[in-house]
Amino acid sequence: MRRIRVIGIGPGDPDQVTLEAVAAMHSVAYFVVAEKAADDPLLAARQALLARHVGPDAKVIAVRDPERDRADPADYQGAVTDWHEARAEAYERVILDQPGDVGFLVWGDPAFYDSTIRIVERILARGNIEAEWDVIPGISSLQLLAARHRIVLHEIGQPITVTTARKLREAVDAGADNILVMLSARLELDGLEDWQIWWGANLGTEHEALVAGRVGDVVGEIDESRVAVKNAAGWVMDAYLLRR
């Protein structure tokens with residue numbers, strides 16, 4: 001029986017890939033990787049990581065990522081569900097055509113705001129592929145954010161709320177005092193000027209940027225850093241901790 005391996009590869013630094021992840025990479029015949037567009041820098045980053053840990057002959061099958069319907073922001077859940085189904089269909093075709101075990105490389109840790117586990121479940125639920133599968137954890141951007149800023153992500157005995165930028169206001173209104181935010185298309189921090197922020201973008205890469213301080217004092221610097229990182233790398237992924 002073939003095996004599907006979901007492999008967390010950390011935020012971007014090849015030195016932060018675990019030994020378990022490297023062993024998993026060596027155990028598969030090929031890797032399926034989403035390609036967002038021509039000359040996708042994230043695809044290139046995965047290929048460079050594989051060249052480092054597996055070798056230049058690592059087999060990568062790039063699958064053009066289906067477009068997500070963004071016409072109706074109110075139906076975000078439905079649009080994402082349809083997108084996942086389209087991804088499952090595309091990946092299934094590759095797995096049916098290719099012999100051997102397959103690896104999926106996941107930025108950071110597969111447990112945090114990533115769809116790969118759900119998509120593998122969808123593929124297997126379709127009934128056309130029989131496979132064993134497992135998940136290899138990776139260092140998350142949240143861990144690296146804390147390490148870079150030399151902070152503990154929570155105060156003594158206090159909880160952490162982990163959410164997306166889309167849900168940030170709900171967390172604030174619900175009384176959360178210590179909020180980790182991911183998936184920010186843009187910074188929307190109006191009304192939070194007196195909160196403290198620890199922010200990082202493209203953590204673990206050569207274009208990494210860090211800013212910390214009172215929101216009202218540093219929000220402009222963060223905006224400028226986001227633009228600079230995107231211009232330099234071609235993409236920007238950021239995460240930040242907000243504390244009341």
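This report describes a sheet, the helices beside it and a few ring contacts in a predicted model.

## Basis of the model

The structure is a predicted model, in which local features need pLDDT of at least 70 and side-chain atom pairs count only at pLDDT 80 or more, while totals for chains, interfaces and linings use all residues. Residues are numbered from 1 along each chain as its sequence is written, and side-chain values use heavy atoms, with hydrogens and water left out.

## The open sheet

Five strands, paired in parallel, make up an open sheet whose order is β3-β2-β4-β1-β5; strands (E, at least two residues) and helices (H or I, at least four) are DSSP runs numbered from the N terminus, and two strands pair if DSSP finds at least two bridges between them. At the edges stand β3 (60-64) and β5, each of which pairs on one side only. On average, neighbouring strands of this sheet are turned by 25° against each other, direction ignored.

Between strand β2 (residues 30-35) and β4 the parallel pairing runs over three bridges, and Phe31 has Gly103 in β4 as its bridge partner.

## Helices beside the strands

Helix α1 (residues 19-27) lies across β1, β2, β4 and β5 and runs at about 145° to β1, where axes are lines fitted to C-alpha atoms, for helices over the stretch in contact, and angles run from 0 to 180 degrees between N-to-C directions.

After α4 comes Gly127, whose phi is positive, near 85°.

## Aromatic pairs

The structure holds two aromatic pairs, defined as rings of Phe, Tyr and Trp (its six-membered ring) with centres within 6.5 Å, planes under 30 degrees apart counting as stacked, over 60 as edge-to-face and the rest as tilted. Tyr91 and Phe104 form a tilted pair, 5.3 Å centre to centre with 50° between the planes. Because Tyr91 lies in helix α3 and Phe104 in strand β4, the pair ties together parts that are 13 residues apart in sequence, and both residues are buried.

The rings of Trp107 and Trp235 have centres 6.5 Å apart and planes at 25°, so this pair is stacked. Both Trp107 and Trp235 are buried.

Terms used:
Contact means heavy atoms within 4.5 Å. Buried means under 20% relative accessible area, exposed over 50%, partly exposed in between (1.4 Å probe, protein chains only).
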